[in-house]
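Trainee: Could we go through this model together and check each label against its definition?
Mentor: Gladly, let's look at it first.

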Amino acid sequence: MFIGTYYHTLETQNRLSVPKTFRQELSTGSVITYGLDGCLFIFTAESWTKLVGKLETLPLTSKPARDFLRLLTYHAAPLDTDKLGRTRLPENLLKISGITKEVVFAGALTRVEVWDKSRYHAYVDGLASQTGELESALGELGI
């Protein structure tokens, strides 16, 4: 389970140090890809396999299903880390996420989200102003 928020800096050659608390779960087979709302998603090998299983059941005749599958898979890359827990972010993922220097890793239970710091804070600040709407929506879902 991933929880917490950690701040890091993009190093030379687009290297990024994965927070120590996340490294144990993000072993061989983990995947980084396009995320929703302006971030990147990192999935463990197990979570990625489960997601792929669900994606494979989406109807080929559904354009939204095809488009979502494409967003996740076209940009997916293995999360290869070195002995110091650093990974190199592909250029296409940097461009998509707007990450330039300051980075936020945010644990979201089954995945890690990687954000550009300013984009992260703008998004979270926006969420804070929507708490009433979120409570109503979650109430409708029985949560």
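**Labels and their cut-offs**

Mentor: Let's start with Arg 86, which lies in strand β6 (residues 86-88); strands are DSSP runs of E of at least two residues, helices runs of H or I of at least four, both numbered from the N terminus. This is a predicted model, where local features need pLDDT of at least 70, side-chain atom pairs count only at pLDDT 80 or more, and totals for chains, interfaces and linings use all residues. Residues are numbered from 1 along each chain as its sequence is written, and side-chain values use heavy atoms, with hydrogens and water left out.

Trainee: Why is Arg 86 called buried?
Mentor: Buried means under 20% relative accessible area, exposed over 50%, and partly exposed in between, with a 1.4 Å probe and protein chains only. Arg 86 has 19%, so it counts as buried.

Trainee: Which residues does Arg 86 touch?
Mentor: Contact means heavy atoms within 4.5 Å. Not counting residues up to four places away in sequence, Arg 86 touches Glu 11, Arg 15, Leu 16, Ser 17, Asp 80 and Thr 81.

Trainee: What makes Asn 14 partly exposed and Asp 37 exposed?
Mentor: Asn 14 has a relative accessible area of 22%, so it is partly exposed. Asp 37 has 51%, so it is exposed. Asn 14 lies in the loop between β1 and β2 (15-17), and Asp 37 in the loop between β3 and β4. Neither is a glycine, yet phi is positive: near 60° for Asn 14 and about 65° for Asp 37.

Trainee: Why are β1 (5-9) and β5 (77-78) described as standing at the edges?
Mentor: Two strands pair if DSSP finds at least two bridges between them. The open sheet has 6 strands in the order β1-β7-β8-β4-β3-β5, with antiparallel pairing. β1 and β5 each have a single partner strand, so one side of each is left without a neighbour in the sheet.

Trainee: How many bridges join β3 to β5?
Mentor: Strand β3 (residues 31-34) is joined to β5 by 2 bridges, and the two run antiparallel. In β5, Ala 77 is the bridge partner of Ile 32.

Trainee: What makes the largest nonpolar core a core?
Mentor: The term covers buried Ala, Val, Leu, Ile, Met, Phe, Trp, Tyr and Cys residues joined through side-chain atoms within 4.5 Å. Here the largest has 19 residues, and those with the most contacts inside it include Ile 32, Phe 105 and Val 114. Two or more residues come from each of β4 (40-43), α4 (91-97), β7 (102-107) and β8 (111-116). A second, separate core of 12 residues includes Cys 39, Phe 41, Phe 43 and Tyr 120.

Trainee: How do you know that Phe 43 and Trp 48 form a tilted pair?
Mentor: Rings of Phe, Tyr and Trp (its six-membered ring) pair if their centres lie within 6.5 Å; planes under 30 degrees apart are stacked, over 60 edge-to-face, and the rest tilted. By this rule there are 6 aromatic pairs. Phe 43 and Trp 48 are 5.7 Å apart centre to centre with 45° between the planes, hence tilted. Trp 115 and Tyr 120, at 6.0 Å and 65°, are edge-to-face, and both are buried.

Trainee: What lies over the face of Phe 41?
Mentor: The rule asks for NZ of Lys or CZ of Arg within 6 Å of the ring centre and within 35 degrees of the ring normal. Arg 111 lies over that face, at 4.5 Å from the ring centre.
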